[in-house]
Amino acid sequence: MAPHVLILGGTAEARALAAELSARPGLRVTTSLAGRVSRPGAVAGEVRVGGFGGAEGLADWLRERGVDAVVDATHPFARAITANAVRATAAAGLPLVVLRRPGWRPGPGDRWHPVASLTEAAELLPRLGQRAFLTTGRLGLAAFASLTDLSFVVRSVEPPEPPLPPHTRVVLARGPFTVAGETALLREHRVDVLVTKDSGGAATAAKLTAARDLGLPVVVVRRPPLPDGFTPAGDVPAVLERLDALVRP
């Protein structure tokens, strides 16, 4: 039976990894998507959509489908999925490789304010500006709902889930974005503070350059830590190198 790799996906890196692995003869690849985005990008190989029923359900699925290795290539803030993957692979006796693109780092001229959570970001925001650009995704915006004196521009791929701040304008868009486009958006909406998660990667980094050029403060929500004992692979080639030592067609 062909070796079977499960990718917990939803990121550009997960799609790239699926394409690389699917091109290898004698290897079966399945990508699992949580189903939170209604129109995900095309993914090579087999695709399943939806949850597993927690760590126990995932462990059962791994055993039933004859999976040989798991790659967690989810969003850096998908903490619950990563925790379930750790427990499930331990229960099933399988190797787990965690793929995490490197986080962003401030440079000269950046006015970053790191915080540990969206709640901390909301607490800090009134001291930094009155017109905020939120690029933290469509989930968790309830943390800002009580800020009735501020105005918000919220950008997400899918319509955000309520509750939202009362003075909110929603922009639906999918990256990658350009510095020119981000600069125009910030100026058009007269934004004076940016709020983002440290998702890393180039696709959405242009907003940071635009904010720097305009002299705007940026509230950056730090990533949750990985479970103890896990050193992430930073890109697709690093994952492939690890898999080569674990799975052989």
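User: In β9, what is the bridge partner of valine 154?

Analyst: In this predicted model, valine 154 has valine 170 of β9 as its bridge partner.

User: Why is strand β8 (residues 151–156) called largely enclosed by the rest of the structure?

Analyst: A residue is buried when its relative accessible area is under 20%. In β8, 5 of the 6 residues are buried, so the strand is largely enclosed.

User: Why is alanine 2 called partly exposed?

Analyst: Its relative accessible area is 34%. Buried requires under 20% and exposed requires over 50%. The value for alanine 2 falls in between, so the residue is partly exposed. Alanine 2 sits in the segment before β1 (4–8).

User: Leaving aside neighbours within four places in sequence, which residues is alanine 2 in contact with?

Analyst: With those neighbours set aside, the contacts of alanine 2 are Gly26, Leu27, Arg28 and Asp68. A contact needs heavy atoms within 4.5 Å. By contrast, the C-alpha atoms of alanine 2 and leucine 124 are separated by 52 Å.

User: How far apart do the C-alpha centres of domain 1 and domain 2 lie?

Analyst: They lie 29 Å apart. Domain 1 is 4–101 + 225–247, and domain 2 is 112–221.

Notes: Residues are numbered from 1 along each chain as its sequence is written. This is a predicted model: local features need pLDDT of at least 70, side-chain atom pairs count only at pLDDT 80 or more; totals for chains, interfaces and linings use all residues. Side-chain values use heavy atoms; hydrogens and water are left out. Domain bounds come from an automatic or database domain assignment. Helices (H or I, at least four residues) and strands (E, at least two) are DSSP runs, numbered from the N terminus. Buried means under 20% relative accessible area, exposed over 50%, partly exposed in between (1.4 Å probe, protein chains only). Two strands pair if DSSP finds at least two bridges between them.
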